[in-house]
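Let's take a friendly walk through a protein model. Have a look at the sequence and the 3D view before reading on.

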Amino acid sequence: MSGEFSQAVVILLIAGAAIVAITMHEAAHGFVAARLGDPTPAEHGRLSINPLRHLDLVGTLIVPAAILFLPTPSRFIFGWAKPVPIDPLKMGRPRRDMLLVAAAGPLTNIVLAIGFALLQGLVEPVGLAEGIVAGVCSAMIFVNVLIALFNLIPLLPLDGGQVVLHLLPERLAWRYKQLEPYGFAIILGVFFLLPLVSGWLGAAIDPFDAVIRPLADGLVRHFEAVTGASVIRLW
């Protein structure tokens, strides 16, 4: 964690960024589905950027908070939001349209990260990107990048899995979809239980720090180079 902020402030910055990032991610799924002809998100009140419409009490608040204080060597924090209800059969071209709906969430997070990197790069030369402003921008950049990359893992029910599902030929897609009931168990096993158990055994195997975080750092460094922002490493 950055020495510029206390642990409590860092947690608040990351939590606030995560709420915004998750809300915009889920809203993007709904808006794209609606644009492609599916009225289901609107019927369920999900065409909104109100966090209360999208956040799940257990998945967005309780589970991440519990993991945060567990004695695990991993910095991976797992959670989820309410899935946006979507009916592919109400779209004009279901397979293509579902691919676009799935991609909309991570793409929105990348756009948000770029937007806050541009903002930070613009205000830094005039001395405005200091203290809490720098912290908010940095949290928004890094959290959105992490959420985008994690959701692009090609495993159902994540968005990356949905993209793969709708790119595969129908016969292979049907077989691939049979893995969906095990998706969350695989995610928890690889990114949470494996670091936890291996840490107890003294091995400290952490796929999050080995794969996801380096990719996120690389993307953030690229944003810094393009925009001139100086992103504080909060996490």
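Which residue's side chain does Arg 233 meet in a salt bridge? The partner is Glu 224, and the N to O distance is 3.0 Å. Keep in mind as you explore that this is a predicted model.

## Salt bridges

Arg 233 has a relative accessibility of 29%, so it counts as partly exposed. Glu 224 counts as buried because its relative accessibility is 18%, and buried means under 20%.

A search of the whole structure finds 4 salt bridges. Another one links the side chains of Arg 96 and Asp 97, at 2.5 Å from N to O. Here Arg 96 is partly exposed, with a relative accessible area of 39%, whereas Asp 97 is buried, with a value of 1%.

Now find Lys 177 and Glu 180, whose side chains also form a salt bridge, with an N to O distance of 2.7 Å. Lys 177 is partly exposed at 40% relative accessibility. Glu 180 is partly exposed too, with a relative accessible area of 23%.

## A nonpolar patch on the surface

Which residues form a nonpolar patch on the surface? They are Leu 57, Val 58, Leu 61, Ile 62, Trp 80 and Phe 184. Together, these residues have about 560 Å² of accessible area.

Helix α3, which covers residues 57-68, gives the most to this patch, with 4 residues. Ile 62 lies in this helix, α3. Is Ile 62 buried, partly exposed or exposed? Its relative accessible area is 47%, so Ile 62 is partly exposed. The reasoning is a matter of cut-offs: partly exposed is the class between buried, under 20%, and exposed, over 50%.

Next, turn the view to helix α4 (residues 94-123) and helix α5 (residues 131-151). The axes of α4 and α5 come within 8 Å, and they cross at roughly 155 degrees.

Why are α4 and α5 described as roughly antiparallel to each other? An angle over 145 degrees counts as roughly antiparallel, and the axes of α4 and α5 cross at roughly 155 degrees. These two helices are therefore roughly antiparallel. Is their crossing left-handed or right-handed? The crossing of α4 and α5 is left-handed.

How values were computed:
Residues numbered from 1 in each chain as written. Predicted model: local features only at pLDDT ≥ 70, side-chain atom pairs only at ≥ 80, totals over all residues. Heavy atoms only, no water. Patch = residues over 30% accessible without salt bridge, like charges linked within 9 Å, V, L, I, M, F, W, Y side chains within 5 Å. Areas by Shrake-Rupley, 256 points an atom, 1.4 Å probe, with all protein chains shown as cover. Buried < 20%, exposed > 50% of the residue type's maximum accessible area, 1.4 Å probe, protein only. Axes fitted to C-alpha atoms, helices over the stretch in contact; angles between N-to-C directions. Parallel < 35°, antiparallel > 145°, perpendicular 65-115°, else oblique. Left-handed = near helix turned anticlockwise from the far one by under 90°.
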